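Reader: I have a structure to study, and I would like to learn how its features are read. Could you take me through it slowly?

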Amino acid sequence: MKEMNAEQDFTGEASTSHHQKRQRRLPSTVEEEEKVGDVTEARSRTMFDLDLLDCPVCFHALTNPIFQCDNGHIACSSCCLKLRSKCPACALPIGNYRCRIMERVVEAIIVPCPNSKHGCTEKFSYGKEIAHEKECGFALCYCPTPNCKYTGVYRELYSHYYANHKDEDLWNCFVCGRSSGAWISTREKILILQESSDGPLVVLQCFNEPQGMYVTVNCIAPSAPGVGRFSYHLSYTDGDATMTFALEEMNRIQKVSWETPEKDFMLVPYYIVGQKAWLKMVICIRRLEEEKEVEEDESEDEAEEE
Ligand SMILES: [Zn+2]
Ligand SMILES: [Zn+2]
Ligand SMILES: [Zn+2]
Ligand SMILES: [Zn+2]
């Protein structure tokens with residue numbers, strides 16, 4: 001079979017019309033795949049502008065069903081709804097006829113997870129990888145240590161942290177189920193805890209806000225099933241007053257942010273905390289159990305009813 005210069009052959013009409021596109025993961029398959037002989041690989045090598053597979057109206061990846069007007073303009077189903085079935089290009093009705101050939105093309109294009117270069121081997125038909133990316137275990141995480149530029153897959157980050165930051169004053173460990181003091185310097189505003197050696201990293205931060213100190217607790221981990229899932233209980237005591245805050249599931253973040261949190265923070269008012277150099281919090285972190293089997297049972301029930 002003759003290799004075509006696909007870039008030239010396919011970037012005609014359709015792609016020139018929408019070049020103000022969303023940021024796009026490039027089809028890295030082509031640069032990275034080295035396997036030869038595998039049919040899927042060979043096919044995904046035939047490259048063309050993947051923007052052709054995006055809805056020309058909203059620029060999101062096309063997924064089935066895809067509709068066309070009598071003039072052959074296409075749009076995704078959510079755009080058809082928003083446009084009240086009026087083609088944005090020619091004003092003819094759109095939404096009655098499916099564009100079957102485009103649906104087949106979209107299904108036939110297999111793209112790797114955007115994290116394939118970090119080790120994820122999952123592959124998806126076009127557009128489906130976006131949902132996966134949100135819960136991919138290979139999403140990059142950033143070292144929470146101020147001024148450290150390290151990024152890596154979560155496991156490597158945990159090892160990196162233990163190997164590189166253990167000797168600094170900052171290294172503190174936590175043991176699941178045990179309450180322990182967690183003192184945050186109100187100047188540094190960050191305290192990093194690690195479960196044993198190279199275990200998950202939990203970051204406490206405090207924010208000076210007009211109403212008082214906001215305290216947040218996050219785990220540095222991708223939102224992948226079974227990774228870094230904890231609950232926590234936080235308290236602050238001053239004299240006779242004790243304030244507590246608990247969250248059934250700790251939020252997972254890939255990178256420390258210094259933007260004022262909008263939710264999931266504990267507010268310690270200034271009349272209680274005063275102007276102290278240390279915010280002496282007490283924290284108890286617990287690991288959450290997996291809950292995978294429940295879902296499987298539910299799907300069986302549905303099948304029986306039909
Ligand atoms: Zn659309
Ligand atoms: Zn049209
Ligand atoms: Zn992935
Ligand atoms: Zn680091």
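Author: Let us begin with the idea of touching: two residues are in contact if their C-beta atoms, placed from the backbone, lie within 7 Å. Please keep in mind that this is a predicted model, in which local features need pLDDT of at least 70 and side-chain atom pairs count only at pLDDT 80 or more, while totals for chains, interfaces and linings use all residues. Residues are numbered from 1 along each chain as its sequence is written, and chains are lettered from A and ligands numbered from 1 in the order in which they are written.

Reader: Which residues does Leu140 touch, leaving aside residues up to four places away in sequence?

Author: With those set aside, Leu140 touches His118, Thr151, Gly152 and Gln254. In space, the C-alpha of Leu140 is 5.1 Å from that of Val153, although 13 residues separate the two in sequence.

Reader: Is Cys141 buried or exposed?

Author: A residue is buried if 20 or more other C-beta atoms lie within 10 Å of its own, exposed if 12 or fewer, and partly exposed in between, with C-beta atoms placed from the backbone. Cys141 is buried because 27 other C-beta atoms lie within 10 Å, whereas Leu140, with 17 such neighbours, counts as partly exposed. Among the residues that Cys141 touches are Tyr154, Leu157 and Pro222; from Pro222 it is 81 residues away in sequence, yet 7.1 Å away in space, C-alpha to C-alpha. Of the 306 residues of the protein chain, 24% count as buried.

Reader: Which residues of helix 8 are buried?

Author: The general idea is that an α-helix has 3.6 residues a turn, so residues three or four places apart point the same way. In helix 8 (residues 154-165), the buried residues are Tyr154, Leu157, Tyr158 and Tyr161. They cover an arc of only 100 degrees around the axis (the arc being that of the directions from the helix axis to the C-beta atoms), which means that they are on the same side of helix 8. These buried residues pack against strand 6, strand 7 (151-152), strand 10 (190-195), strand 11 (201-209) and strand 12 (212-220).

Reader: In what order do the four strands of the open sheet stand?

Author: Two strands pair if DSSP finds at least two bridges between them. The four strands stand in the order 9-17-13-14, and their pairing is antiparallel. Strand 9 (179-185) and strand 14 (241-247) are at the edges with a single partner strand each, so one side of each has no neighbour in the sheet.

Reader: How many bridges join strand 9 and strand 17?

Author: Strand 9 and strand 17 pair over seven bridges, and one finds Ser180 with Ile283 of strand 17 as its bridge partner. Strand 13 (residues 230-238) and strand 17 (residues 278-287) also pair over seven bridges, in the antiparallel sense. Here Phe230 stands opposite Arg287, and Ser235 stands opposite Val282.

Definitions and conventions. Helices (H or I, at least four residues) and strands (E, at least two) are DSSP runs, numbered from the N terminus.
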